Amino acid sequence: MKRRSLLGFAVAALAAPSSLLAQQRARVYRIGFLGSASPTPETVRISLDYFRLGLRERGWIEGQNIIIEQRWAEGRVERFPELAAELVRLKVDVIAAATIDAVLGARKATRTIPIVAALVRDPIQHGLVQSFARPGGNVTGLTSEAGGFPLSVKTLEFLKQAVPAAVRVAVLVNPKSAVARSQLNDLRTAGDTLKVELLPVEASTLDQLEPAFVRMRELRTDALLIPGDSMFFVHRVRVAELAIKHRLPLGSSMFEAAPAGGLLGYQVDVSDNWRRAAGYVDRILKGANPAELPVEQPNKYQLILNVRTARAIGVKLPQSLLLRADRVIE
């Protein structure tokens, strides 16, 4: 009897890890997705679909072992704290957040649920991480800029190359965005180097866009720069239409600004960042501590020029810039 008892104990001990593994596999994890824009087919394609793809590549299938709870700010950054709080009440296991405003909204809602950023700007400056190598809290993920070098500054350099005569450049900013002030500070430093006077013009809603362009005309601006912002992304076609109407060369680090009708865009490959963000979620769901997962930088950038828009506003793009472009829209 004693021998049988020992044998039974040994079998049970060997079976325990397999049973535990089966329980882990059977669990359905809940992932919060905090998007900055509106859930249009195009926006979903470049963000959520690539996030899903990255998860599928790692064995996470929606409806089988994960549920994705989507919340979209529709370009209104003030909604992020409320949307993040909804995700926290749903007891999500991790939150994937788009931009710095989304991450700040999520961080306001929770200091314990892991937050994975896809396109965060200045995470150290905003107190989200202690360092890129060791974030130290519940936030990690990917930045939208390489080596801390702002995309908007590089975009201003390209805009100056495209329009060398431009000396007064309007900067369209959303005062509700957490990064508006730091973006302006970075641009002013670059403007001094390029001998360009930067003139901030504010707009935070669709209705404020047209008056903003009237103000640019009153300021006698030669060109327009738009840093990345979810509100301007949502209304990027209207922004481009107004720029063409006022014959203002528009350069932007906002994703898809040039295809929407802007003169040029210098952008991160948003889809690639979202696909890589899925890797962070995978590691966290498997037990990794976000405080110890290093923040990574983007792998891919694109300079896009819109020759059609250049013709419409009377700008002749230099050959050197056309050769530098990753994509040219004829």
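Glycine 136 is partly exposed, at 41% relative accessibility; on this scale buried means under 20% relative accessible area, exposed over 50%, and partly exposed in between, with a 1.4 Å probe and protein chains only. Glycine 136 sits in the loop between strand E4 (115–120) and strand E5 (139–143). Helices (H or I, at least four residues) and strands (E, at least two) are DSSP runs, numbered from the N terminus. Leaving aside neighbours within four places in sequence, glycine 136 is in contact with Gln130 and Ala291, where contact means heavy atoms within 4.5 Å. Its C-alpha atom and that of glycine 75, 61 residues apart along the chain, are separated by 30 Å.

The model is predicted, so local features need pLDDT of at least 70 and side-chain atom pairs count only at pLDDT 80 or more, whereas totals for chains, interfaces and linings use all residues. Residues are numbered from 1 along each chain as its sequence is written, and side-chain values use heavy atoms, with hydrogens and water left out. The pLDDT is the predictor's confidence in each residue, from 0 to 100. The protein chain averages 90, and 91% of the residues score at least 70. Where pLDDT is low, the predicted coordinates should not be read in detail.

The interior comes next. A nonpolar core is a set of buried Ala, Val, Leu, Ile, Met, Phe, Trp, Tyr and Cys residues joined through side-chain atoms within 4.5 Å. The largest such core has 83 residues, and Phe51 and Trp274 have the most contacts inside it. Helix H11 (residues 270–285) supplies the largest share of this core, 8 residues. Apart from it lies another core, of 23 residues, including Val92, Ala97, Ala102 and Ala117. In soluble globular proteins, nonpolar side chains tend to be buried together.

Not counting residues up to four places away in sequence, phenylalanine 51 touches Ile31, Phe33, Ile68, Ala96, Trp274, Ala277, Ala278 and Val281. Serine 47, in the loop between helix H2 (41–46) and helix H3, touches Phe33, Trp72 and Trp274 under the same exclusion of residues up to four places away. At 7% relative accessibility, serine 47 counts as buried.

Seen in order, E7-E6-E8-E9-E10-E11-E12 form an open sheet of 7 strands with mixed pairing; two strands pair if DSSP finds at least two bridges between them. Strand E7 (197–202) and strand E12 (327–329) stand at the edges with a single partner strand each, so one side of each has no neighbour in the sheet. On average, neighbouring strands of this sheet are turned by 20° against each other, direction ignored. E7 pairs with strand E6 (residues 168–173) in the parallel sense over 6 bridges, and arginine 168 stands opposite glutamate 197 in E7. Helix H6 (residues 151–162) packs on the sheet and touches E6, E7, strand E8 (223–226), strand E9 (250–252), strand E10 (264–268) and strand E11 (301–306); its direction makes about 155° with that of E10. Axes are lines fitted to C-alpha atoms, for helices over the stretch in contact, and angles run from 0 to 180 degrees between N-to-C directions.

The structure holds 23 salt bridges, each a side-chain nitrogen of Lys or Arg within 4 Å of a carboxyl oxygen of Asp or Glu. In one of them, arginine 30 meets glutamate 69, with the closest N and O atoms 2.4 Å apart. This pair links distant parts of the chain, 39 residues apart: arginine 30 is in strand E1 (residues 29–35) and glutamate 69 in strand E2 (residues 66–72). Arginine 30 is partly exposed, with a relative accessible area of 27%, whereas glutamate 69 is buried, at 16%.

Glutamate 62 and arginine 52 form a salt bridge with an N to O distance of 2.8 Å. Glutamate 62 lies in the loop between helix H3 (48–56) and E2, and arginine 52 in helix H3, so the pair ties together parts that are 10 residues apart in sequence. Glutamate 62 is partly exposed, with a relative accessible area of 36%.
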